[in-house]
Amino acid sequence: MSVATPSASQGLVQILLLEDEVHVATALQMVLREAGYQVAWAATGQRALELLAQTSFDLLLADLYLPDMDGLEVVRQARVQHPPVPVIVITGYSSLATALAALRLGTADYLEKPFTEEEITACIQRVLAGRGKDGGPRDNMPTPLLKY
Ligand code: CA
């Protein structure tokens, strides 16, 4: 599988991975690094908040079910950064309410575990392209579901 490299003019794309399950986090870090991204891993919500305060990330990949806090709190923090950090929510807990709560906070996308390497990298590329930092396409951004 060939994976598009992140835009060279922007330097390395920095991704914050919030995931408490070690085997998932380890596998995801390998996939993301192979795709050319720089990855910081936080196993707790508290750690993710610390990293968000220190570094300006290009993307947050967030699991919502954490041992120490609700992942939505971290998503909320990412969305009030300047500029707001795009968020892809990853979770094994499939519930419409959770998905809607995440989307309401302005998350860019939502992936349900288990997902494939191709699904996550395609999702990341789509979200990063949608930021339009270098005039990239915006027309493939997911349409917000919440109008009411
Ligand atoms: Ca979890």
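## Glu 21 and its partner

In this predicted model, Glu 21 is partly exposed, with a relative accessible area of 31%. Its side chain forms a salt bridge with Lys 113, and the closest N and O atoms are 3.4 Å apart. The two sit in distant parts of the chain, 92 residues apart: Glu 21 is in the loop between strand E1 and helix H1, while Lys 113 is in the loop between strand E5 and H5.

What does Lys 113 look like in terms of accessibility, buried or exposed? Lys 113 counts as buried, because its relative accessibility is 16% and the cut-off for buried is under 20%.

## A pair within one helix

Now for helix H2, where Glu 50 and Arg 47 are three residues apart, separated by about one helical turn. Their side chains meet in a salt bridge of 2.9 Å, N to O. Glu 50 is partly exposed at 37%, and Arg 47 is partly exposed at 35%. The count for the model comes to six salt bridges.

## The whole chain

The chain has five helices and five strands, running β-α-β-α-β-α-β-α-β-α from the N terminus. Of its 148 residues, 43% count as buried.

Methods
Residues are numbered from 1 along each chain as its sequence is written. This is a predicted model: local features need pLDDT of at least 70, side-chain atom pairs count only at pLDDT 80 or more; totals for chains, interfaces and linings use all residues. Side-chain values use heavy atoms; hydrogens and water are left out. Helices (H or I, at least four residues) and strands (E, at least two) are DSSP runs, numbered from the N terminus. Buried means under 20% relative accessible area, exposed over 50%, partly exposed in between (1.4 Å probe, protein chains only). A salt bridge is a side-chain nitrogen of Lys or Arg within 4 Å of a carboxyl oxygen of Asp or Glu.
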